[in-house]
Amino acid sequence: MRVGLLTEGGYPYATGEARVWCDRLVRGLDQHDFEVYALSRDARQEAVGWEEPPGQVRRVRTAPLWGEPTGRRRAYGRRQRRRFTEHFGDLAVAISVPGGPDGTQADRFASGLHGLADLARDSGGLSAALRSEDAVRTLERACHTPGAPRAAHRARVTDLLAVTEALERALRPLSLDWYGGGGRDPGLSGVDLCHATSGGAAALPGLLAKRRFGTPLLVTEYGVRLREHYLRRPAGRDGSGPVRALLAAFQGRLAAEAYAQAVLITPGNTHARRWQERCGASPERLRTVYPGMDAACFAEVGEAGAASCGDDRTLVWVGRLEPAKDVVALLHAFAEVRRWQPDARLRVIETRPGSGAWRGDDPADGYAAHCRALAEHLFPDEAANAHTPGDNPVSFEHVGDPEAPTLADAYAAGAVVVLSSVVEGFPVGLVEAMFCGRATVSTDAGAVCEAIGGTGLVVPPRNPRALADACLALLRDPERRARLGAAARARALELFTAEQNVVAFRGIYLELMSHCPVRREEVGAGGAPLPFARPAEAHIPGRWTAGQGLAHTPRWAEAGPPPGRTMAALSEEGA
């Protein structure tokens, strides 16, 4: 089957989200053909370039969600301007006025969204119209609609300009030439399934493909786009209250529409699933599929178990130094640990590009400097006697340094791995420590409890005293550390490997193809019918009912074929 993989800020680019997961999915499902439709997030991602996709990726098409719009801007005529004002007005009111239980605003958002898409198809694009005075005036009227919140009423002209500019970038997929109707470049009209890696802008091409061609839409989210929008701290005019409120409402409406139209939604954990349900996703269409990770690179350390521990007095933290990780609380907790175990040490190991998301020019570097200064203040250099140099019990390192050349070596550097986050999605670093057979102490944030499943100690976030007590309990009990580490590794190998993820999506693809086959005539290069072009599962006889995972078997199939007629002939009639 042909799968249209819809990404935003990730695969096939060498940096970004969902990059590794998508690559493993495509390589693991090599019996299918993939077409990648990628939206890039910024100029730096474009500059880094792609990773070479495998042979089953037949085509890669990209478009930017940043910078100025490209291409020639066509001026609208009177009729087109009237259509734009009507449809953009529906969308603007839907994001300005909270929706009621009857779903009126959700329907208005969908109507406006698809009306703009049809206008973009008929008129050659939306960029000029979305950055026009008409768009600003339409949004201003919507913000003063009865029922609009106070934040919308307070929007100034600069806020309205910022919102329309952001909407122009977010809605660029509506104006792309990815939706051909046939010929040599059919685009998304020629795929059997659209698989979006988020419920944000990446889902927009899938929504249009479903509406225009009946292509089923699958949405997979390991990090909920709406949640990321709430956590992001934009600078400049994008950070004002009215701008944030209106753009958050847009992201919420878009996610709700994507969830409503998706035939199946696969969150990566229960934490993401709760977010999706709050956004309107139907529980009947939700199916948790844990993200797959490569366990092979941790096999040597994991199989050695406690014997691979570098120092049984050392705590290890691995990740990216940023405020959400709350390393400040970890340093205060370690001060308490040192009161009761003076020989304890803490190694803070940052991830580099390739093993994580570390970037030297990132604003998070200010937080890293703050953590280093706090460590120097809390733990001045100590010396064993008057004749030896002083040493700080807290070290800051990077993966790739001689002391920690790989991620596996970083986790093996100590007896206990600590996660101190206050905000967390799916804890990838925690699962990596589980693959290494390490005992862990974690804070209850995001999907931590779901991932650890009782194979490690969990404490409340922002509680240095509880974090210190848990660390001391494991540092003092090597047998307990060994038991928890072995149980954690067994759980990770059962639930979080790349193989189980690929197997799950292999079954989902075949299930969706059999339930929602795309009926189209397949033709070869010369225009002649192409036999056996559609997968066999698309010809399963019988009718499917909503909400059921099994087909109703026709009575003639239960009783067998009538005399003189073959089962194959009846199957063709049923199909």
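Predicted model: local features only at pLDDT ≥ 70, side-chain atom pairs only at ≥ 80, totals over all residues.
Two strands count as paired if DSSP finds at least two bridges between them.

- Strands of a sheet pair through backbone hydrogen bonds, either parallel or antiparallel.
- Here 6 strands form an open sheet with parallel pairing, and their order is β9-β8-β7-β10-β11-β12.
- The edges are taken by β9 (394-398) and β12 (457-459), each of which has a single partner strand, so one side of each is left without a neighbour in the sheet.
- If direction is ignored, neighbouring strands of this sheet are turned by 20 degrees against each other on average.

**Helices on the sheet**

- Helix α14 (residues 327-340) packs on the sheet, where it touches β7 (314-319), β8, β9 and β10 (416-419), and its direction makes about 165 degrees with that of β8.
- Helix α19 lies across β7, β10, β11 (439-443) and β12, and it runs at about 175 degrees to β11.

**Two helices in contact**

- Two packed helices are described by the angle between their axes and the distance between the axes.
- The axes of α19 (residues 464-475) and α20 (residues 478-495) come within 6 Å and cross at roughly 100 degrees.
- Because angles of 65 to 115 degrees count as roughly perpendicular, α19 and α20 are described as roughly perpendicular to each other.
- On the α19 side the contact is made by A473, L474 and L475, while α20 contributes P478, R480, R481 and L484.
- Sorted by class, this contact of α19 with α20 has 5 nonpolar and 2 charged residues, and no polar ones.

Definitions and conventions: Residues numbered from 1 in each chain as written. Heavy atoms only, no water. Axes fitted to C-alpha atoms, helices over the stretch in contact; angles between N-to-C directions. Helix = DSSP H or I, 4+ residues; strand = E, 2+ residues; numbered from the N terminus. Parallel < 35°, antiparallel > 145°, perpendicular 65-115°, else oblique. Contact = heavy atoms within 4.5 Å. Nonpolar A, V, L, I, M, F, W, Y, C, P; charged D, E, K, R; others polar.
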